[in-house]
Amino acid sequence: QLTPSSFSRIGQLSNVDLNEDIHELETEVPRQRPNEIPHNEKLLSLKYESLDYDNSENQLFLEEERRINHAAFRTVEIKRWVICAMIGILTGLVACFIDIVVENLAGLKYRVVKDNIDKFTAKGGLSFSLLLWATLNASVVMVGSVIVAFIEPVAAGSGIPQIKCYLNGVKIPHVVRLKTLVIKVCGVILSVVGGLAVGKEGPMIHSGSVIAAGISQGRSTSLKRDFKIFEYFRRDTEKRDFVSAGAAAGVSAAFGAPVGGVLFSLEEGASFWNQFLTWRIFFASMISTFTLNSVLSVYHGNAWDLSSPGLINFGRFDSEKMGYTIQEIPIFIFMGVVGGILGALFNALNYWLTMFRIRYIHRPCLQVVEAMLVAAVTATVGFVMIYCSRDCQPIQGSSVAYPLQLFCADGEYNSMATAFFNTPEKSVVNLFHDPPGSYNPMTLGMFTLMYFFLACWTYGLTVSAGVFIPSLLIGAAWGRLFGISLSYLTKGSIWADPGKYALMGAAAQLGGIVRMTLSLTVIMMEATGNVTYGFPIMLVLMTAKIVGDYFVEGLYDMHIQLQSVPFLHWEAPVTSHSLTAREVMSTPVTCLRRIERVGTVVDILSDTSSNHNGFPVVESNPDTTQVAGLRGLILRSQLIVLLKHKVFVERANLNLVQRRLKLKDFRDAYPRFPPIQSIHVSQDERECMIDLSEFMNPSPYTVPQEASLPRVFKLFRALGLRHLVVVDNRNEVVGMVTRKDLARYRLGKEGLEELSLAQT
């Protein structure tokens with residue numbers, strides 16, 4: 001019973017742009033926002049889809065591949081290298097832009113506040129300076145938080161968990177859009193200038209990934225422009241490989257560590273890996289760090305002296321002054337244990353805080369208010385600590401950027417101010433390289449304590465910001481404190497140099513929070529420019545990881561779990577051999593016949609209760625006695641393209657040839673395939689027949705229903721599948737294994753636990 005108005009509504013829908021269409025549907029339902037959102041971490045969200053990493057080898061694909069000769073394959077390979085070079089160059093340039101803007105804006109802010117403090121120290125009324133500092137911070141952070149909360153919420157945080165999920169094969173909405181990149185870059189600049197306890201290194205990884213996804217597709221959906229280049233790469237397989245190159249280029253621009261970038265991509269990200277890919281990723285990383293180096297060197301006025309390979313430069317550590325002896329190894333291991341415990345504490349606190357945020361602070365305006373509050377509190381804490389500190393050091397021979405005198409004698413500066421009154425990167429380098437005796441133990445202890453809680457409170461705010469630098473800073477502070485107390489105990493012997501212990505403390509703290517081992521060791525080695533520290537850094541990181549994992553998991557894994565993402569780890573849970581594919585799979589499966597009625601296809605696709613994305617195709621014999629064996633697999637996106645191009649014929653003349661589609665038609669619709677609601681099929685067309693045989697993948701991966709869970713898991717994870725069909729011994733479809741079916745099983749405290757699935 002359709003009224004005319006609803007007819008015109010359907011007519012409008014068929015040609016509206018997708019995004020507007022979705023907004024229209026959203027606005028019709030009035031949404032009441034609850035004050036508390038119940039959140040349970042033992043859930044998996046159904047809103048995340050998998051990437052189609054596995055190519056659909058249908059007849060179109062095979063015909064195209066057969067047409068391509070050797071020379072054409074070579075040009076494709078050359079294009080891949082060109083794209084990797086462009087990824088490197090652009091990532092390096094974005095990093096330069098962030099660095100230069102932050103340096104100038106932060107410098108301006110600190111100069112204004114410093115002049116103000118110097119003025120009011122003389123004549124009293126320092127509370128005005130505090131007000132100025134806090135207001136400056138809060139207003140800058142407000143802008144940074146507003147753009148993230150209201151324009152693109154995916155840009156919040158460091159973006160490493162999101163990229164980790166993407167490389168794991170989970171499609172996270174909007175994560176590699178141009179809009180996200182713009183918001184990310186502006187947000188990072190504003191939150192670092194706003195004086196929050198954050199770094200600009202983590203977001204570089206996300207930025208690199210967005211750049212990679214954008215360049216490799218040769219078009220931008222945000223700008224609605226199609227540049228008609230690189231069309232061959234418009235599928236998830238290629239895009240995901242390029243994104244891993246972009247992530248590596250981001251690491252390499254952030255730390256000046258190309259090898260560390262490749263290893264980061266390998267350790268944290270890509271599931272599927274081959275030699276050529278590794279070599280291309282390394283190329284992209286090298287280009288990225290070289291670009292950053294040359295541009296920054298020109299900017300700093302010494303064009304031929306390539307001295308700033310990364311956004312953070314730990315400075316040179318000399319082996320002569322700062323070698324280590326064999327009896328220090330136990331001390332380093334002990335520092336690793338401390339780092340693991342502190343990291344676990346950090347993660348546990350952040351976990352409870354994030355749970356609280358998910359439940360209560362879910363409105364954008366509240367998120368902005370919270371970010372401003374944190375910014376003001378950070379400035380206040382810094383000011384009060386500097387005000388109360390009586391730790392004065394002579395200015396002669398020290399390299400402090402903004403020395404604050406306050407109540408110190410002339411020619412002296414307040415050493416608490418070097419830690420708080422600076423960007424975190426500079427503070428880290430100061431803690432590594434200032435000569436012994438630059439810091440009072442009391443100053444360092446208070447600073448570590450305050451900064452630990454500030455950094456913990458800041459991570460997870462609705463601003464784009466990384467956690468790398470704050471954790472390095474916390475670790476460097478307590479490491480230096482540790483070194484000073486050691487030299488007290490050993491009566492100032494030569495080997496207890498505080499800078500060396502600051503480095504080990506930084507490694508221990510960072511390892512205890514993020515739990516990366518291989519890539520972090522190499523990144524720290526490359527950033528310090530010293531191979532001799534490789535062994536102690538490795539020991540420290542291993543110890544921190546082992547100790548931390550005993551309590552809670554790493555920060556990134558924890559945030560992935562809190563967002564209920566169906567993330568697949570390297571291995572199936574250890575105790576899962578008792579489960580078989582029959583217990584894991586989803587049933588019943590919606591199958592299509594090889595020659596199917598259009599109406600049936602439309603109904604199946606429109607059914608919102610079973611939002612499937614892959615459909616097994618079975619033999620379509622009218623004779624029911626025959627076995628309906630599996631013939632292939634077809635994806636929702638392919639069916640939608642077929643319906644959109646109206647590739648079907650009337651029932652009467654089945655021997656007529658259907659409209660030929662090219663693979664290009666599928667590529668042009670990628671990555672945002674229209675929803676089924678926007679495709680209009682008339683009543684006559686519903687009676688037509690559609691032949692799926694040349695579009696379906698005739699050789700999908702299948703497993704017998706007796707296969708054990710680890711075996712199914714291994715196949716699924718290693719090949720980056722999205723659908724795995726379960727068949728019985730007569731090759732009939734009995735079930736389907738998707739990512740959610742495998743990610744449901746997790747090792748908990750009591751053994752194997754099964755998560756429930758939720759629509760949120």
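Predicted model: local features only at pLDDT ≥ 70, side-chain atom pairs only at ≥ 80, totals over all residues.

Reader: How does one find empty space inside a protein?

Author: Rolling a probe the size of a water molecule over the atoms shows where empty space is left. In this structure there are six cavities of 30 Å³ or more.

Reader: What volume does the largest cavity have, and which residues are the closest to its centre?

Author: Its volume is about 150 Å³. The lining comprises 18 residues, and Tyr-110, Gly-195, Thr-378, Phe-420 and Asn-422 are the closest to the centre.

Reader: Which elements give two or more residues to that lining, and which gives the most?

Author: Helix H4 (70-123), helix H5 (127-151), helix H13 (364-388), helix H14 (415-420) and helix H15 (424-433) each give two or more. H13 gives the most, with three residues. By class, the lining of the largest cavity has 10 nonpolar residues, seven polar and one charged.

Reader: What is the volume of the second largest cavity, and how is its lining divided by class?

Author: The second largest cavity has a volume of about 60 Å³. Of its 13 lining residues, Val-198, Thr-458, Tyr-459, Ala-465 and Gly-466 are the closest to the centre. Nine of the lining residues are nonpolar and four are polar, with no charged residues.

Reader: Let us turn to a helix. How far does helix H16 reach from its first C-alpha to its last?

Author: One compares the span with that expected at 1.5 Å a residue. Helix H16 covers residues 441-458, 18 residues in total, and reaches 25 Å, close to the expected 26 Å. After H16 comes Gly-460, which has a positive phi near 105 degrees.

Reader: Which residues of H16 are buried, and what do they pack against?

Author: A residue is buried when its relative accessible area is under 20%. In H16 the buried residues include Leu-444, Phe-447, Tyr-451, Phe-452 and Cys-456, and Thr-458 is also among them. The buried residues of H16 pack against helix H12 (329-360), H13, H14, H15, helix H17 (468-489) and helix H18 (498-514).

Reader: How many disulfides are there?

Author: The test is whether two cysteine sulfur atoms lie within 2.5 Å. By this rule the count is zero.

Key:
Residues numbered from 1 in each chain as written. Heavy atoms only, no water. 1 Å grid on protein atoms, 1.4 Å probe; cavity = no way out; pocket = protein on both sides within 12 Å on 5 of 7 lines; lining within 4 Å. Points joined across faces, edges and corners; volume = space filled by probe spheres on them. Helix = DSSP H or I, 4+ residues; strand = E, 2+ residues; numbered from the N terminus. Nonpolar A, V, L, I, M, F, W, Y, C, P; charged D, E, K, R; others polar. Expected span 1.5 Å × (residues − 1). Buried < 20%, exposed > 50% of the residue type's maximum accessible area, 1.4 Å probe, protein only. Contact = heavy atoms within 4.5 Å.
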